[in-house]
Amino acid sequence: MTMKFMRSVALAASGRRKALLVSIQAARTPSRRSIMNSRITFTEDFFFRQLFDHQSSTYTYMLADLGSKEAVLIDPVLEQAKRDSHLITELGLTLKYALNTHMHADHITGTGYLKQLVPGCESVISRASGARADKHLEDGEEVQFGRHTIKAVATPGHTNGCMTYIIKEQGIAFTGDTLLIRGCGRTDFQEGDPRTLYQSVHENIFTLPDNFRLFPAHDYRGNMETTVFEERSFNPRLTKDIDTFVNIMENLNLPYPKMIDKAVPANKQCGLYDIPPEI
């Protein structure tokens, strides 16, 4: 009887210890719900607008400092340049920079035309892109609009010149074609390299805080944004090991991009290349 009692006491104590360890671990590890609900709130002086081009499924992002009224555009599209410049005027903003995350192959950038529509605006792209622009960025360089700062981080792999633009205070990053929502940019043309892309994402994007919101240059399924936590957990390609990822990317057998022969020469010249009169 005594032995049974001692054994039951020991089992109960063991159970309590296990329960305590589980509760401690739970306290230390943020729940999925807490991570997904803990987005960083934009500061009151930060303006954000996500715009869309249906033809190329490209997202353009308008950001502004509401104190100084200085604004920037990220990844503008030629056919939407008038829309963007009109919105800038309507909102009483001053377009300081038109930035590209990389030299696109699926549409012609609107930066060159925006420079005509909005005098004083400067075009910006990475130096490694090889494209013409007013301002060329190196890895780690910053772009200022009002009191807000964009950090440009080199994330090559889709192209040599790909950059991710990070605004730490607002908890957001613009990943271009390097990281898409549950996907990534293709690596079979324009200096693409799957190993480089994998390393770029894992070393420079997945290392951002879990609750950072990520905004890609494109989406083809109606998604608008994602988070570091989501992509690190659920991205069907980039959750694999690097060798599996390379094998996936090398066997996608995607068709030749429809716009590449027109878009790349134009984008090398900041989009100022045979602008159609109807634009």
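Of the 279 residues in the chain, 48% are buried. The model is a predicted one, and its chain holds 8 helices and 14 strands. As for contacts in the chain with a separation of 6 or more, 64% of them link residues 24 or more positions apart.

Now for one pair of helices. Two packed helices are described by the angle between their axes and the distance between the axes. Helix 5 covers residues 194-205 and helix 7 covers residues 242-249; they pack with their axes 9 Å apart, at an angle of about 130°. That angle falls between the cut-offs of 115 for roughly perpendicular and 145 for roughly antiparallel, so helix 5 and helix 7 are oblique to each other. Their crossing is right-handed. On the helix 5 side, the contact is made by Pro 194, Arg 195, Leu 197, Tyr 198 and Gln 199, which meet Ile 242, Asp 243, Phe 245, Val 246 and Met 249 in helix 7. Sorted by type, the residues of this contact come out as 7 nonpolar, 1 polar and 2 charged.

Moving on from helix 5, the loop between helix 5 and strand 13 (213-216) is where Pro 209 sits. Pro 209 has a relative accessibility of 40%, so it counts as partly exposed: buried would need a value under 20%, and exposed one over 50%. Pro 209 and Val 228 are 19 residues apart along the chain, and 6.9 Å separates their C-alpha atoms.

Key. Residues numbered from 1 in each chain as written. Predicted model: local features only at pLDDT ≥ 70, side-chain atom pairs only at ≥ 80, totals over all residues. Heavy atoms only, no water. Axes fitted to C-alpha atoms, helices over the stretch in contact; angles between N-to-C directions. Helix = DSSP H or I, 4+ residues; strand = E, 2+ residues; numbered from the N terminus. Parallel < 35°, antiparallel > 145°, perpendicular 65-115°, else oblique. Left-handed = near helix turned anticlockwise from the far one by under 90°. Contact = heavy atoms within 4.5 Å. Nonpolar A, V, L, I, M, F, W, Y, C, P; charged D, E, K, R; others polar. Buried < 20%, exposed > 50% of the residue type's maximum accessible area, 1.4 Å probe, protein only.
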